[in-house]
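Please look through the sequence and the structure first, then read on.

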Amino acid sequence: FGLRNTTGVQTMSWSSMPLAMEWERVPWYLQARIVMPVAQTSLAIAAITVLAWPIAAYVRHRRQRDFGSSSRDRRDYAWTRVVLVVHVLVFLGLAYLVGRFKDITQLNASLDPFLSALFGAAWLSIALTLLPLWLAFRFWRDRVGSPWARVHQTLLAASAAILAWFWFTFRIAGTTLNF
């Protein structure tokens, strides 16, 4: 580490840095300080919904209440939760991969089946995300459920869309096993 004065401009050099290192600004929508809290919030919404699903079903069963006003509405609510389950599974697979292989030298061909499954699940979750978006629109258009239920459905659709964007943008939904 040292400071030099070259032609009136003070520069700083690090001797411990590699010779060819360049830093670039990234757009605001790729900055970790923005992306990570949004992705974490979306994941929390998805995980809480998935965990609360059986609890809510038990409470409804005990109070003898139906879920939705028609079988189509019940099916649509369930499909949204299934999409969120797939998103949570992708995250759990990613967390397992990051937690288990902290040293990048441990990555080898033995991980190919796991990575292929993770990539496939991420692509599936991206494709399925269109469903909650459509259902949120339909729930508002057809006035399905209470206003709170429609807001909740919209929040779930937004969470799924943000997670799908995250999987795609940061290559969790990969296309190659070259590493």
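## Contacts and overall layout

Counting contacts in the protein between residues at least 6 apart in sequence, 71% connect residues at least 24 apart. The model is a predicted one. It contains five helices and two strands, and their order along the sequence is β-β-α-α-α-α-α.

The protein has 179 residues, and 30% of them count as buried. Its exposed surface comes to about 12,400 Å², with 65% of that supplied by carbon and sulfur atoms.

## Helices α2 and α5

Packed helices can be described in general terms: the angle between the two axes and the distance between them are given. Helix α2 covers residues 71-100 and helix α5 covers residues 147-169. Their axes are 10 Å apart, and the helices pack at an angle of about 35°. The crossing of α2 past α5 is left-handed.

On the α2 side, the residues that meet α5 are Y77, T80, R81, V83, L84, H87, V90, F91 and L94. On the α5 side they are A149, H152, Q153, L156, A160, L163, A164 and W167. By class, this contact of α2 with α5 is made of twelve nonpolar residues, four polar ones and one charged one.

## Helices α3 and α4

Helix α3 runs over residues 112-128 and helix α4 over residues 130-142. Their axes come within 4 Å and cross at roughly 20°. Angles under 35 degrees count as roughly parallel, so α3 is roughly parallel to α4.

The contact of α3 with α4 has six nonpolar residues, with no polar and no charged ones.

L130 lies in helix α4. Is L130 buried or exposed? Its relative accessibility is 63%, so L130 counts as exposed. L130 and V83 stand 47 residues apart in sequence, and their C-alpha atoms are 9.5 Å apart in space. V83 is one of the α2 residues that meet α5.

## The loop between α2 and α3

L111 is found in the loop between α2 and α3. With 6% relative accessibility, L111 counts as buried, because buried means under 20% relative accessible area.

Which residues does L111 contact, leaving aside its neighbours within four places in sequence? They are L97 and F101. L97 and L111 are 14 residues apart along the chain, and their C-alpha atoms are separated by 9.4 Å.

## Two residues with positive phi

R143 is a residue other than glycine with a positive phi, near 55°. R143 sits in the loop between α4 and α5. Its relative accessibility of 65% is over 50%, so R143 counts as exposed.

R171 is not a glycine, yet its phi is positive, at about 60°. R171 belongs to the segment after α5. The relative accessible area of R171 is 63%, and therefore R171 is exposed.

Terms used:
Residues numbered from 1 in each chain as written. Predicted model: local features only at pLDDT ≥ 70, side-chain atom pairs only at ≥ 80, totals over all residues. Heavy atoms only, no water. Buried < 20%, exposed > 50% of the residue type's maximum accessible area, 1.4 Å probe, protein only. Contact = heavy atoms within 4.5 Å. Areas by Shrake-Rupley, 256 points an atom, 1.4 Å probe, with all protein chains shown as cover. Axes fitted to C-alpha atoms, helices over the stretch in contact; angles between N-to-C directions. Parallel < 35°, antiparallel > 145°, perpendicular 65-115°, else oblique. Nonpolar A, V, L, I, M, F, W, Y, C, P; charged D, E, K, R; others polar. Left-handed = near helix turned anticlockwise from the far one by under 90°.
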